[in-house]
Amino acid sequence: MFEGIGPRATRLVVELAHRQDRQWYAGHKSEIDELVYAPLRALLEDAGAKLARSYPRRRITTKIFRIHRDVRFSKDKSPFKDHASGVLMVGSNVDPGTATGALYLQIGPEAGAAAGLWAMGPEQLARYRRAVVHEREGANLAKVLRPLVASGYQIVSAAQLSRAPKGVDPAHPRAELLRHKGLALDFPAIPAKVRHTDALLDWCIARSREVAPVVRWLLDHVAD
């Protein structure tokens, strides 16, 4: 049962990100597991049970990301990320790189939440573009996005083109959406009064339900 993610959790993640010290991490691992990862998993699992009705007949899987960075192909050899995070993946695709998320939650100096499909594989991207330019399906997506953006959600993705894709009229009414190589929504900022309390669970569930129509659109038209 989720009981909150206290301020000590944020401080631990921030200090680890600043130190980038494997010995310090080893000495604080049990505390990080208890104060950061245990409540993060509890929140996602509790939220997954509550969000099941938003995704009938869809599988919901909890994924907790390692705080260790994959430095094999990176010039930056810092061993640790600057945040702890996890996601509720919905649908049959359980590859966190290209899976659709019903709720992503991040703990650290830039705490926040999101949902959607952050990065699309080549086939997913092709399906996304076909659906966005489709007169009916593209208009449906724009319709559900409009009030969300007006209320403080932000459309984000792993990468964007500088202009509409080749072959698409730059004046297309959904050209801006077509520039994205993913489609996710950053939630509004987590209110300070709920950030470190058990009320964070209800806040995440409420926001996740608001964006569920977009996530379902992605599941229907883009996801594997």
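Reply: The account below begins with the cavity and then turns to one strand of its lining.

This is a predicted model, in which local features need pLDDT of at least 70 and side-chain atom pairs count only at pLDDT 80 or more, while totals for chains, interfaces and linings use all residues. Residues are numbered from 1 along each chain as its sequence is written, and side-chain values use heavy atoms, with hydrogens and water left out.

A cavity is a set of points, on a 1 Å grid over the protein atoms alone, where a 1.4 Å probe fits but cannot get out; lining residues have an atom within 4 Å of a point. Grid points are joined across faces, edges and corners, and a volume is the space filled by probe spheres set on the points. By this rule there is one cavity of 30 Å³ or more. The largest cavity has a volume of about 80 Å³, and its lining consists of Ile5, Thr10, Leu105, Gln106, Ile107, Ala111, Ile190, Arg195, His196 and Leu200. Sorted by class, this lining has six nonpolar, three polar and one charged residues. Here Ala, Val, Leu, Ile, Met, Phe, Trp, Tyr, Cys and Pro count as nonpolar, Asp, Glu, Lys and Arg as charged, and the others, Gly among them, as polar.

Strand S3 (residues 101–107) supplies the largest share of the lining, three residues. Strands are DSSP runs of E with at least two residues, numbered from the N terminus. Six of the seven residues of S3 are buried, that is, under 20% relative accessible area with a 1.4 Å probe and protein chains only.

S3 pairs with two other strands, and two strands pair if DSSP finds at least two bridges between them. Strand S2 (residues 84–90) and S3 are antiparallel over six bridges, and Leu105 in S3 is the bridge partner of Gly86. Strand S4 (residues 112–117) is also antiparallel to S3, through four bridges, and Gly116 in S4 is the bridge partner of Gly101. The hairpin of S3 and S4 has four residues between the strands, and Gly108 there takes a positive phi near 150°.

Gln106 is found in S3. Gln106 counts as buried because its relative accessibility is 17%. Its side chain joins that of Tyr104 in a polar contact of 2.8 Å; a polar contact is a pair of N or O atoms within 3.5 Å, where within protein one must be able to donate a hydrogen and the other to accept it, and residues adjacent in sequence count only if both atoms are side-chain atoms. A polar atom of the Gln106 side chain also lies 3.0 Å from the backbone oxygen of Glu110.

Notes
1 Å grid on protein atoms, 1.4 Å probe; cavity = no way out; pocket = protein on both sides within 12 Å on 5 of 7 lines; lining within 4 Å. Buried < 20%, exposed > 50% of the residue type's maximum accessible area, 1.4 Å probe, protein only.
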